[in-house]
Amino acid sequence: MSGDKEEASSFRILRIYDEPEEEGNEPESSDIFSEHESQAQSPLGHVCGTPQWVRQALTRFKQTTSWSTEAEPGEAVEFSPSEEVWSFLRAVPPVVDDVVMQRTPCEAWKVGKLCHGKKVYAIAMSSSTHHVYTCGHGYIKVWDESALHAWNKAPQAQLNLQDHQNCVLTCKLFPDEQSLVTGGMSRTLTLWDLAPTPRIRAQLASTGLMCYSLAISSNAQICLACFKGFVEIWDLRNQILIRKHEVPEYGSRCVDIAGNKFWTGGEDTSLYSWDLRSYQKLQQHKLQHEILSITHDPSEEWMLVGLRTSDVIILHTHRKEKFKAIMQKYIHHHNLKFASCGNYFLTTMDESIHCLAAPSLQRLFQAEESTEILCCDMSADNQYLVTGSKNSATVYQLLY
């Protein structure tokens, strides 16, 4: 029991802020900076410079972080960030500061609306085919690029589901964005070829009644499908079920895969990690609040976990570094999406959209919608964001 409490309380608290720190507020000389600058050698042996945004993040981190330590009661604890913290702050490769700033959006401009007609439970945007796919009850609608900047344009196609009572609750693009897998209220997972025109490639007979979440490995060989109490592990190349892996019944709302691990979470408030080769449970993090979403960054080194309280958990997939970004608002829907460039991520919380820089957690912009956002996706070129809601999808162009 004591071990569970340590897992729950060992998060370092990060503060989300709206404006970058003034350079004048930064100390002229810092032992932390000088120590790491002298140690930050590239494999070729030359010194890697420390970008200003990393300096600002570390300074702000020192000033605002609440630390949980293993020091004895009454023992003085001196601030000294570990190499893992420094690695977190330098997760984005060091480049010229103004280049970093150019690649983080400052605003989202609402440019179009896709009239799906029913609730949009899942959505995908393919930069490869230049189409958006809105999913829900009975059908999937396909929208071409011209619809992104329109408000009442008809879809290019409508893909009717074989069972009209079926509802697609989740979808996932393959890494090449030319194929899609969908799951929902049926005993099948459907593989779609998207180019040149959408068509069903295969239907995989699953054993669960309702698929809540899907994940695909970076090499497109493995698909994970999350059902109540178990995760199906599929070989996509041969279209065979490898394993029906049991997980806690109330810890199976969402799933994601990163390298040789996969992660599950749900109502029981625990985040679990599993070995994809031995299927053994590796970790269990008690987060105290219901888990609504899980996603990873492009490097597959960091996981983001969205909670019912709107807080975002940030943890390393291999090291024991765990952070919590505090939002403190009870919500019904929480979606997370990392930009492919790795510089920022988007989180939708009911009617709100927040864009946060990574890893500094500066709030880049915030937008509001009139109805609850059920799902979201971002184009691989980081130019568009699309959100699904009550009976339509909203298209935003990201301004840099």
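Visitor: By class, how many nonpolar, polar and charged residues does the lining of the largest pocket have?

Guide: Please keep in mind that this model is predicted. As a general idea, rolling a probe the size of a water molecule over the atoms shows where empty space is left. In this case, the lining of the largest pocket has 27 nonpolar, 14 polar and nine charged residues. The volume of this pocket is about 1600 Å³.

Visitor: Which residues lie nearest the centre of the largest pocket?

Guide: They are C171, K172, L214, L336 and C376, from a lining of 50 residues. Several elements give two or more residues to this lining, among them strand 7 (168-173), strand 11 (213-216), strand 23 (334-338) and strand 27 (375-378).

Visitor: How many aromatic pairs does the structure hold?

Guide: A pair of aromatic rings is described by the distance of the centres and the angle of the planes. This structure holds five aromatic pairs. For F227 and F230, the ring centres are 5.2 Å apart and the planes lie at 15 degrees, so this pair is stacked. Both F227 and F230 are buried. The charged end of K244 sits over the ring of F230, 4.3 Å from its centre. Elsewhere, one aromatic cluster is formed by F262, Y272 and W274.

Visitor: How many disulfides does a search of the whole structure find?

Guide: The search finds zero disulfides. Consider C167: the closest cysteine sulfur, in C135, is 9.3 Å from its own sulfur, which is too far for a bond.

Visitor: Is C167 buried or exposed?

Guide: C167 is buried, because its relative accessible area is 1%. By contrast, C115 is partly exposed, at 30%.

Note on methods
Residues are numbered from 1 along each chain as its sequence is written. This is a predicted model: local features need pLDDT of at least 70, side-chain atom pairs count only at pLDDT 80 or more; totals for chains, interfaces and linings use all residues. Side-chain values use heavy atoms; hydrogens and water are left out. Rings of Phe, Tyr and Trp (its six-membered ring) pair if their centres lie within 6.5 Å; planes under 30 degrees apart count as stacked, over 60 as edge-to-face and the rest as tilted. Buried means under 20% relative accessible area, exposed over 50%, partly exposed in between (1.4 Å probe, protein chains only). A charge sits over a ring if NZ of Lys or CZ of Arg is within 6 Å of the ring centre and within 35 degrees of the ring normal. On a 1 Å grid over the protein atoms alone, a cavity is a set of points where a 1.4 Å probe fits but cannot get out, and a pocket is an open set with protein on both sides within 12 Å along at least five of seven lines; lining residues have an atom within 4 Å of a point. Grid points are joined across faces, edges and corners, and a volume is the space filled by probe spheres set on the points. Helices (H or I, at least four residues) and strands (E, at least two) are DSSP runs, numbered from the N terminus. Ala, Val, Leu, Ile, Met, Phe, Trp, Tyr, Cys and Pro count as nonpolar, Asp, Glu, Lys and Arg as charged, and the others, Gly among them, as polar. A disulfide is a pair of cysteine sulfur atoms within 2.5 Å.
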